[in-house]
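Work through the exercises below with the structure open beside the text. Each task is followed by a solution in steps.

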Amino acid sequence: MSSAKARRAALEALRREVALANRIIERCGLSNAFGHASARIPGSDSFYFPTRRSPGLASAATLLVLDTEGKIRSGKGEPNSELWIHARVYAARPDVGAVVHAHPPACVCLTQIGQPHRIVHNQGGAFHAGVPEYERIGLIRSRELGDLLARRLGAGIAVMMRGHGITTALPDLRSAVVAACMLEESAALQLRMLAAAGGDAGRLRAYSEEEAARVSDQLSPRVVARAWEYYSLVAERRPLGG
């Protein structure tokens, strides 16, 4: 196969994976009518991004190509209005190959009761470096707000957005999706533990820095591959809205 054909095949595979990533975040309960996942086109400042629909309806054929300035490079249709989350994270972070923005309920709840994310189970170790919070209320519908969010994310892999949701940013799409799912699972467990403790956060046996470091490999290639396999199966078998 020629190099040009190989690149076309790789890009088609990436398009299919972006569509699947969007369906995963809907089927796994991280988003419903809103939310989006994207992937950088290797070696460029452009990325695949879904049109303005539920992520559960994403398809490879309808993806748009946008750039870090928010311009549509190819494709038909209107992009989701929070395209700036993706565009400006890619602009600020050349190491990032994929971005997921979703509205997982447990993460939203944590931000609204003033509780920072704490590591309370092994998968939470993926976030041992901390999860900052973007406190400004509202949607990210401008370049300027996209830049603010990117700065709050910093060099990290995730940011919680008060009353809004989360954004994950990692070198590859599968890791970004798995990280989003893990963060919601972690937040949900933290909420359950907090309720069981009568609201006393001091009673939570959160992992120490040393303990969290022992389980900080939760986004290793082997873990991501296993999780992606499962989440993909969920997306294929569970009906829209199920």
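This is a predicted model: local features need pLDDT of at least 70, side-chain atom pairs count only at pLDDT 80 or more; totals for chains, interfaces and linings use all residues.

**Exercise 1. Helix α7 and helix α5**

Task: Describe how helix α5 and helix α7 pack, and state which residues meet.

Solution. 
Step 1. Two packed helices are described by the angle between their axes and by the distance between those axes.
Step 2. Helix α5 covers residues 173-196 and helix α7 covers residues 221-237; the angle between them is about 75 degrees and their axes are 9 Å apart.
Step 3. Angles of 65 to 115 degrees count as roughly perpendicular, so α5 is roughly perpendicular to α7.
Step 4. On the α5 side the contact is formed by Arg174, Ser175, Val177, Val178, Cys181 and Met182, and on the α7 side by Val223, Val224, Ala227, Trp228 and Tyr231.
Step 5. Sorted by type, the residues of this contact are nine nonpolar, one polar and one charged.

**Exercise 2. Helix α7 and helix α1**

Solution. 
Step 1. The contact of α1 with α7 has seven nonpolar residues, one polar residue and three charged residues.
Step 2. Ser232 is part of α7. Beyond residues up to four places away in sequence, Ser232 touches Leu20 and Ile24.
Step 3. Buried means under 20% relative accessible area; Ser232 has 8% relative accessibility, so Ser232 counts as buried.
Step 4. The C-alpha atoms of Ser232 and His121 are 23 Å apart, and the two residues are 111 residues apart along the chain.

**Exercise 3. Two helices with buried residues**

Task: State which residues of helix α2 and of helix α3 are buried, and what covers those of α3.

Solution. 
Step 1. In α2 the buried residues are Leu83, Trp84, Ile85, His86, Ala87, Arg88, Val89 and Tyr90.
Step 2. Helix α2 consists of residues 83-92, and eight of its ten residues are buried, so α2 is largely enclosed by the rest of the structure.
Step 3. In helix α3, residues 105-112, the buried residues are Ala106, Cys107, Val108, Leu110 and Thr111.
Step 4. The cover over the buried residues of α3 includes β6 (133-134), β7 (158-161), β8 (165-170) and α5.
Step 5. After α3 comes Gly114, with a positive phi near 70 degrees.

**Exercise 4. Leu153 and Ala169**

Task: Is Leu153 buried or exposed, and which residues does Ala169 contact?

Solution. 
Step 1. Leu153 belongs to helix α4 (residues 143-153), while Ala169 belongs to strand β8.
Step 2. The relative accessible area of Leu153 is 4%, so Leu153 is buried. That of Ala169 is 1%, so Ala169 is buried.
Step 3. Apart from neighbours within four places in sequence, Ala169 contacts Val89, Arg93, Val96, Ala98, Val99, Leu153, Gly156 and Ile157.
Step 4. With the neighbours within four places in sequence again set aside, Leu153 contacts Val89, Arg93, Pro132, Ala158, Val159 and Ala169.
Step 5. Ala169 and Val100 are 69 residues apart along the chain, and their C-alpha atoms are separated by 6.7 Å. For Leu153 and Tyr134, 19 residues apart along the chain, the C-alpha separation is 8.1 Å.

**Exercise 5. Ser46**

Task: Where does Ser46 lie, and which residues does Ser46 touch?

Solution. 
Step 1. Ser46 lies in strand β2, residues 46-49.
Step 2. Ser46 has a relative accessible area of 11%, so Ser46 is buried.
Step 3. Not counting residues up to four places away in sequence, Ser46 touches Arg40, Ile41, Val65, Leu66, Asp67 and Arg73.

**Exercise 6. The cavity**

Task: How many cavities of 30 Å³ or more does the structure hold, and which residues line the largest cavity?

Solution. 
Step 1. There is one cavity of 30 Å³ or more.
Step 2. The volume of the largest cavity is about 50 Å³.
Step 3. Its lining is made of Pro50, Thr51, Arg53, Ser54, Pro55, Leu57, Ala58, Ser59, Thr62 and Leu63.
Step 4. By type, the lining of the largest cavity has five nonpolar residues, four polar and one charged.

Conventions
Residues are numbered from 1 along each chain as its sequence is written. Side-chain values use heavy atoms; hydrogens and water are left out. Helices (H or I, at least four residues) and strands (E, at least two) are DSSP runs, numbered from the N terminus. Buried means under 20% relative accessible area, exposed over 50%, partly exposed in between (1.4 Å probe, protein chains only). Contact means heavy atoms within 4.5 Å. Axes are lines fitted to C-alpha atoms, for helices over the stretch in contact, and angles run from 0 to 180 degrees between N-to-C directions. Angles under 35 degrees count as roughly parallel, over 145 as roughly antiparallel, 65 to 115 as roughly perpendicular and the rest as oblique. Ala, Val, Leu, Ile, Met, Phe, Trp, Tyr, Cys and Pro count as nonpolar, Asp, Glu, Lys and Arg as charged, and the others, Gly among them, as polar. On a 1 Å grid over the protein atoms alone, a cavity is a set of points where a 1.4 Å probe fits but cannot get out, and a pocket is an open set with protein on both sides within 12 Å along at least five of seven lines; lining residues have an atom within 4 Å of a point. Grid points are joined across faces, edges and corners, and a volume is the space filled by probe spheres set on the points.
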